[in-house]
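Here are a few friendly notes to read alongside the model. Please have the coordinates open as you go through them.

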Amino acid sequence: MQVLIIRYSEIHLKGNNREFFENALITNIKTALKGYTFDFSRSNARYVIRNFDTMLLDDIVDVVTNVFGVHSVSVAEEVESNYQAISQAALAIAPTTGTFKVNTNRADKRFPIPSMKLSADVGGDILEQHPDLKVDLMNPQHVVNIDIRENGKTFVYSKVIKAVNGMPVGTGGKAVAMLSGGIDSPVAVYMMAKRGMTIRCVHFHSFPYTSMQAKQKVLDLAKLVKKYTLRMTVDVVSFTEIQTAIHEQCPEDYMITIMRRFMMRIAEKIAKNYGGGAVITGESLGQVASQTLESITSTNSVATLPVFRPLIGFDKDQIIEIAQQIGTFETSILPYEDCCTIFLPKKPVTKPRLSAVEKIESVLDVETLVNNAMQTIETIVIE
Amino acid sequence: MIQYFDNCATTQVDPEVLQILNKYHTETFFNPSARSTFSLKIANDISVAREKLLKLLGGNGELVFTSGGTESDNLGILGCIRKKSGNIVVTASEHSAVFNTVTSLANKGYEIRQTKVNSDGSIDIDDFVAHVDNDTLLACFMHVNNETGAINDIKRINTLVKNINPNTVTFCDGVQAVGKIPVNLNYLGVDLYTFSSHKFHCTKGAGALYIKKGVRVNPQVLGGGQEKGIRSGTEYVGAIVAMAKAVEIANSLLSDNGYIFNNYKNIIRNALADIPNFKENCVENCSPSIMSLAFADIKGEVLLHMLEQYDIVVGTGSACSSKNKQSRIAKAIGLTPNYSEGVIRISFSKFNTLDQVKNLAEKLAFCVKSLRKTMLGK
């Protein structure tokens with residue numbers, strides 16, 4: 001029977017907390033596989049998925065290898081632990097050319113043939129069938145693995161498919177991420193989900209200055225990152241009143257700095273409302289005017305929670321590469337304006353002094369504006 | 001209730017037309033190519049509709065039914081090119097369905113010649129004709145500009161092109177003309193003419209290519225040989241019959257609507273009288289159903305969304321909203337950058353009422369003023 005073996009990553013390092021991490025990982029794998037039928041079982045330091053529709057194998061592998069905490073998977077043939085069955089399964093997956101070796105792990109010491117001998121014998125069977133093959137024990141091109149389990153069954157497999165690693169979502173605390181619709185923020189969400197965070201997103205929308213398509217694009221992005229975060233809720237905040245107030249009452253070059261401060265205040269408020277402990281942004285140092293050290297200082301000063309900026313040291317190229325890899329890039333580059341591009345000042349201030357920013361901002365009724373914006377929140381659960 | 005002023009984009013299906021569509025979906029849904037007597041009757045319905053449409057549009061050539069305007073454009077343009085080399089003349093203001101189809105031929109080695117348009121979106125006829133020569137395989141132009149509403153003198157362009165090169169195939173996109181202004185295909189004289197059913201209160205998913213007698217069009221879709229082999233695929237019978245009805249209704253209202261819609265335009269003009277820095281992109285020789293306005297210093301799309309808050313739907317001058325890209329047509333008609341982003345298109349239909357237009361005019365003036373105040377005023 002074809003089965004999927006799932007190995008997990010660094011959570012095996014966790015001592016007393018291991019159960020907590022494992023439970024989260026198991027729940028996450030099952031959540032990610034919602035809609036598929038399968039049997040799930042725990043075995044020593046690995047999980048096994050059985051009884052799935054083999055026509056959907058590729059999809060299942062794709063889903064599981066994208067669950068954070070999974071180290072690798074192997075598609076294996078599960079056979080009775082007897083020589084004939086093992087040899088037959090090994091032959092079925094053996095390479096036909098190149099170099100190879102057979103590797104045996106005999107967890108069940110009751111199995112009569114010692115590991116080394118079993119490897120040699122099965123290797124001999126394979127060579128007999130494919131005389132072009134060469135054995136290379138040090139650096140083989142192909143490995144046929146035989147894993148004899150205690151339950152009288154044996155897994156035979158060749159490929160080890162690398163998965164995303166990271167920590168199971170749900171083990172790293174809760175955070176609110178600002179999702180703009182650009183390239184960077186979905187990547188930031190991905191990076192922090194990879195460290196086990198449970199993430200909810202906030203999007204600032206400026207209808208009628210930005211279109212409904214721009215909002216839909218953000219929801220589409222949220223759906224794409226849900227593949228990694230497993231659950232996703234987006235709080236859409238109407239930012240129109242704040243933006244027009246800033247535009248009317250503050251100097252043009254400070255528009256973005258002050259906007260970012262409002263966004264941070266609102267994101268933090270939302271985080272606190274649902275027990276979140278951090279805010280996530282996609283800022284990358286020096287990328288644009290609002291991402292200089294001085295601008296970040298201005299934005300950061302209104303936050304009391306930690307602000308995680310996983311992309312801070314990344315080049316745009318590197319961010320794009322991850323965006324492409326996680327499948328958000330194509331959507332991110334759709335040309336709908338986000339709220340940062342309207343009222344865009346011709347020359348935004350790049351090194352705002354915090355004291356100056358605070359003074360400029362003091363003409364605004366910050367508390368009322370923030371509270372009004374909180375009233376406009378539309379909470380959208382991404383299915 | 002939504003007050004819909006984007007009838008260039010698409011229209012509401014007429015109830016009478018819908019009845020026909022329903023009948024062919026639920027009662028007489030037979031495949032016209034099958035062998036039963038019921039099917040034969042359906043095939044006959046298509047013939048009757050074809051004859052009726054040709055009569056309504058004053059043409060004695062062939063009418064090939066397709067899935068809509070874009071397919072008709074592709075079929076006509078790609079299907080009429082026979083020589084291995086030569087040039088194609090096209091105006092810069094064509095709809096993407098024509099423009100992109102023509103420019104795709106550049107990859108196959110054909111020379112594409114783009115010609116100028118006037119500031120109202122109409123074709124600069126002198127410039128167009130100047131680009132035609134002995135090697136011109138195809139000349140493409142449009143009857144009514146979909147963004148500004150400018151009506152082109154198709155008969156004149158066609159005659160001038162044919163005078164220079166009688167072998168040049170003349171193609172005319174009539175998507176915004178049929179059902180909106182009088183169309184007589186024999187009078188216009190063009191070789192190919194296209195239209196789309198959902199622009200005149202019929203369903204989406206159907207259209208036609210008119211082919212003048214003696215002009216050859218090669219099929220672009222192969223299959224069961226329907227439509228005399230020029231366009232295979234089971235005919236959308238309901239839409240074909242409904243389309244004939246829809247054109248009949250539309251044509252019967254043409255002169256009344258021309259008068260009514262021009263009155264609507266005046267109401268809007270009056271409401272905007274005290275607003276500075278805006279222009280009506282096309283006034284003379286403009287389709288009565290289209291009014292294109294450009295406002296300086298505001299974005300058309302923002303204005304559109306503001307009107308949406310009053311349940312009023314208008315169109316923008318361009319579907320292009322990318323940040324740095326100016327609309328091809330806005331550029332072609334020479335709008336300066338501060339105007340080119342502020343284009344909205346109002347397009348009327350028989351379902352609009354005087355009250356709706358008054359409301360639109362009032363809200364439009366209000367939105368432009370408040371938007372200007374927000375964007376500029378400090």
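This is a predicted model: local features need pLDDT of at least 70, side-chain atom pairs count only at pLDDT 80 or more; totals for chains, interfaces and linings use all residues.

1. In helix H1 of chain A, the residues A:Phe21, A:Glu22, A:Ala24, A:Leu25, A:Asn28, A:Ile29 and A:Ala32 are buried. Here a residue is buried if 20 or more other C-beta atoms lie within 10 Å of its own, exposed if 12 or fewer, and partly exposed in between, with C-beta atoms placed from the backbone.

2. Residues are numbered from 1 along each chain as its sequence is written, while chains are lettered from A and ligands numbered from 1 in the order in which they are written.

3. What do the buried residues of H1(A) pack against? Their partners are strand E1 (2–8), strand E3 (46–50) and helix H2 (57–65) of chain A. Two residues are in contact if their C-beta atoms, placed from the backbone, lie within 7 Å. Helices (H or I, at least four residues) and strands (E, at least two) are DSSP runs, numbered from the N terminus.

4. The length of H1(A) checks out too: its 15 residues (18–32) should span 21 Å at 1.5 Å a residue, and the end C-alpha atoms are 21 Å apart, which agrees. The expected span is 1.5 Å times one less than the number of residues.

5. Some backbone spots in chain A deserve a look. A cis peptide bond, with omega about 5°, joins A:Phe207 and A:Pro208, and A:Pro208 lies in the loop between strand E11 (198–205) and helix H6 (212–229). A:Asn165 is not a glycine, yet has a positive phi of about 65°; its loop runs between strand E9 (161–162) and strand E10 (174–178) of chain A. A:Asn165 counts as partly exposed because it has 15 C-beta neighbours inside 10 Å.

6. In chain B, B:Asp297 also has a positive phi, near 70°. B:Asp297 is partly exposed, with 14 other C-beta atoms within 10 Å.

7. Chain B is divided into domain 1 (3–9 + 254–372) and domain 2 (15–248), with bounds from an automatic or database domain assignment. Their C-alpha centres lie 27 Å apart, and 19 residues of domain 1 are in contact with 18 residues of domain 2.
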